[in-house]
Amino acid sequence: MFRINLRLLLFTCILCMGFNVYAQQRVIHIVDEQTSDVIPGAKVVLLNKGDQIFYSNENGEVLVTEMGDLTLYIEAFQYQFTTTVLASNQDFKLVQLKTGNEVMDDILITTSNTNLKRTKDSSVLVQVISGAKLSESGFTGIQDALMSEIPGMNFQKVGFGTDVNVGGLDARNILFLIDGEKLTGEMAGNLDYQRFNIHSVDHIEIIKGASSILYGSMASGAVINLITKKTDQKFALTAGVRYGEMNQRNYKNPKKSDFLYMFEKNVDRPNLQGWLSMGSNLGKVTLQTDVQYTSTDAYYLFQSGYDKKTFRKNPTIGLLRDTVITSFIERPPLGIEGDEFVNVSQKVYYDVNDNLHFQAYGTYFFMNSYDLIQDLIFNQTEDFSGGFKMKYKIKNIGELSASVHVDNYKRFKRHERIDERKKLYDSKLVQPRLKFVSTYFEQHELTLGVEQNEEKLISDRFGREGTLTERESKEIEAFVQEEYSGIERTKIALGIRSSYNELFGTNVSPKFSVKYDLKEQFSFRFTYAKGYRIPTIKEKFFDWDHLGMFQIVGNPDLKPEKNTYFSFSTEFQNSSLFVNFNAYTNYFKDKIEGVWRVFEFQYNFEYQNLNTSNLRGFDVLGKVKINPNFNVNWSYSYVKVSKTKGVQLNTASPHNANIQIEYNFSRLNYDLRAGINTNIIGAKKFNVQDKLMINGKAQDAYFEVDLPTYTMSNLVVNQTFYKHYKLTLGVDNVFNYKPSLLGAGVAMFNIPATPGRRWFVQVEYKF
Amino acid sequence: MKKYLDSITPFVLFLTLAFVPMGCVEYDALPYDGKNLPRLTEYSNDWLYYNLREDKFLNPFSSGDSLFRSADRPIVEGEQKDRLDWDIAFNRFNIRTNSGLSGKGQGGAYDMGAVSYESITSISQIPKQALFVTDTVISITMSQEQWILESSKTGNTDPWFDPNNGPKQMKSTANLLLANALRFSGPPPSYQPSFHVYIIRSAEGNRFFKLLIISWYNPELEIGESGGLISYKCDEIF
């Protein structure tokens, strides 16, 4: 009897252990929905268990030991992501993934209306960069992130800040948004791009081509919309610190007795960044706070030798042979300013019920810019923005959304020896908006909207006396868009926007796009859109005398710049390759440009509507998964820009490419990701307006700038320990590229501002 | 390992939060103990003459092109050549000594290099074989008024300022060595001192002064002003 009981006890124990083992090893099996083939290398994130990440093995299985309900997020290359729940009473879950055909990271986007929709379903080509990817790349700002993703995109530090251009377009044709809201405070179309906190970004949406129908003026070339984080967890926290090697040490031991003591300290600030992102979902109320501090040091770029300007022969002005003019003074070093800035943002969401939602938000940005000019002055920038949003779902009729967005941007000059500052620039934007999206009729989605843009600008550059003067601009805009999906495999979007400006009258912009899925693997998109850009307040009213040397003069008679955009895109994929091809043309009419005009004894820089400018080109984007550990992303862009009266004024490079190689490795409580990202900016040739003395008479002439191809590569290694601690080591500009030519005229706007190879280290904690 | 990582969490959080107040501006420099020019000099030959021996400016109030004599302009262009009552003169960022083509004096300049101003205390520190550089021909910026005046004689209507080549230039005389004391470049306009200590020999050739150009700007500069009241230190050494 005793023996029997012992055996029974032993059997029971083994059985229990077996159960224990079985209970701890819960299996998630991931397969292709159509073929039932197992999917190795799929990424599984346990959303309610601290975002723990697992990868499926060769059998498409993920073994987890966590108990209770598990909320799973699953993604795999060339498949659409999915979320599902492994219930506490389940030990096995079969997950079937649908194939996806997007080259972009396949996540939810906010394109044309208040509903979230997937990029695959969008009738417009949208490129999406996920926030997680930005964080892993060790970038300090969105400039680096966008340059690494968009071939040919360049952010250059120049005299007045940072200048952006891409594919023949400059900042005046690229609209930057945060959560769909505009920012004020532009300088030649450029914003302080430091205002975008890279660590608060959930994802970035990039829409190429004219999108004025939805976004209004300035959306004539591209729209870059940063969607910020909103946590869905009870408590989420990310905190990190990044330290980078100094660009250049300018002063070793600044002393308090130094005349330029503050200047000396400021231009040698450490390359530091700290960030904190905190969110809490308390049921009906969700809070999200993001704080970021960054400082960078200033440095010089050097050119050995003298500037040379090559003028090609032009008998009409008496230039009978090619002529090279060499500058008689050495090119001085080009100072690249450092800066120090803080971003704070707070959002509060209140979900009354499933149908009614409120949001209030506010952001504060403060920046000191430290240039290398020893003039006892540095620039200070301050910005407050905020707003209120409401969404109300009216039964099955549709959803009404209302919002008011305000932004106030100020720029000051601050003394380096006396505690005082002087305001030079104060720009205010108020933008109320009302939008209604109806899905009442099946297969129809109708969007109606009305919004107002009211902008006021106070500047010391609207009058000859340098006094602060206020100017304003006001537009009322209405738009309607219909998306129809009643035809099999086809999605059609048709819309029109009407804009009324008290100075320019009414402007109408239509848009039509269609997406056709030939097969699950093949789809085509065609887009026709009209865009427009209303002249800025500065372009209309600027009146500034630069030390008696020249004047920058606005033109109140400017007409809105208009453009027509056509694009055709298609996608192809097989089991290991994905390629997206997009060809486009963009015809600009009445393009607004600043040109030098010579009067008696006086040069003026004046804004004018030039005749036409055409951009034609194509982009190819691809993604290859070599094996579960290796990914390669690449893109190539070609653009051909028309000449103006035989002269190439546009500084675009025809050929640009990006390539990213990623290696991933995962073990229990340890993840490794290594990546190298290379941007290739092709050679470029353009002309710059100048004056040439021929036979004793000054003639208008253009010299030729010929800039060589260059590449910039970044290497990053991320290690994540215990799912919470991330250590990132990286090297910017791995191959130590330094521009040898700073160039004359506008050439310096096309020189990459890099001090050469610099390493960095980054530590991040995620709760 | 996990325990160790947990312990660094508060450190990361602390560092992150600690950065936020770093954006404050702190005015902790010591008061300025140098000198400033009494007035801004203008384009063309508007020279501000300085007698170092008596620590006195000859024309501290007059301005404009010093071609014509007026009540507040006791010295006009050309007249300085025969006078020994000045040792050094300033026109914008150009500096003359009473030597060479600028004046018949025994003046000149010698560069002691990027050394501390306080470290130069005695003429014995000047190398025995030191060659003092004397004045020669240089280009200076012509005033807009002079350009219009001269152009009207020839019918030339070219602008005074050219976006690629800057304002019109004219020939004058100055000290080439001291041209390095404050170098101009731009745009944007930048005045870069060399922070070298220069030895200035007096017009009579028997006294020596150390000169350090500190800045194109004066410490009390009002925001929006373009500078020109040069900050400098200058003392006689024996």
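**Domains, helices and sheets**

Reply: Chain A is divided into domain 1 (2–97) and domain 2 (126–766), where the bounds come from an automatic or database domain assignment. This is a predicted model, in which local features need pLDDT of at least 70 and side-chain atom pairs count only at pLDDT 80 or more, while totals for chains, interfaces and linings use all residues. Residues are numbered from 1 along each chain as its sequence is written, and chains are lettered from A and ligands numbered from 1 in the order in which they are written.

Me: What makes up the contact between domain 1 and domain 2 of chain A?

Reply: Two residues are in contact if their C-beta atoms, placed from the backbone, lie within 7 Å. Nine residues from domain 1 of chain A and eight residues from domain 2 of chain A take part in the contact, although the centres of the two domains, taken over C-alpha atoms, are separated by 44 Å.

Me: Why is helix α3 of chain A called largely enclosed?

Reply: A helix here is a DSSP run of H or I with at least four residues, a strand is a run of E with at least two, and both are numbered from the N terminus. A residue is buried if 20 or more other C-beta atoms, placed from the backbone, lie within 10 Å of its own, exposed if 12 or fewer do, and partly exposed in between. Eight of the eight residues of α3 (residues 142–149) of chain A are buried, so the helix is largely enclosed by the rest of the structure; among them are Ile142(A), Leu146(A) and Glu149(A). Over chain A, with its 767 residues, 42% count as buried.

Me: How do you know that strands β44 and β47 of chain A are joined?

Reply: Two strands pair if DSSP finds at least two bridges between them. Twelve bridges join β44 (residues 670–681) to β47 (residues 710–721) in chain A, and the two run antiparallel, with Ile676(A) opposite Leu715(A). Eight bridges join β47(A) to β48 (residues 725–732) of chain A, also antiparallel, and these two strands form a hairpin with three residues between them.

Me: What makes β1 and β6 of chain B edge strands?

Reply: Five strands of chain B form an open, antiparallel sheet in the order β1-β15-β14-β13-β6. At the edges stand β1 (35–36) and β6 (108–111) of chain B, each with a single partner strand, so one side of each is left without a neighbour in the sheet. For β6(B), four antiparallel bridges are found with β13 (residues 197–201) of chain B, where Arg201(B) is the bridge partner of Gly108(B).
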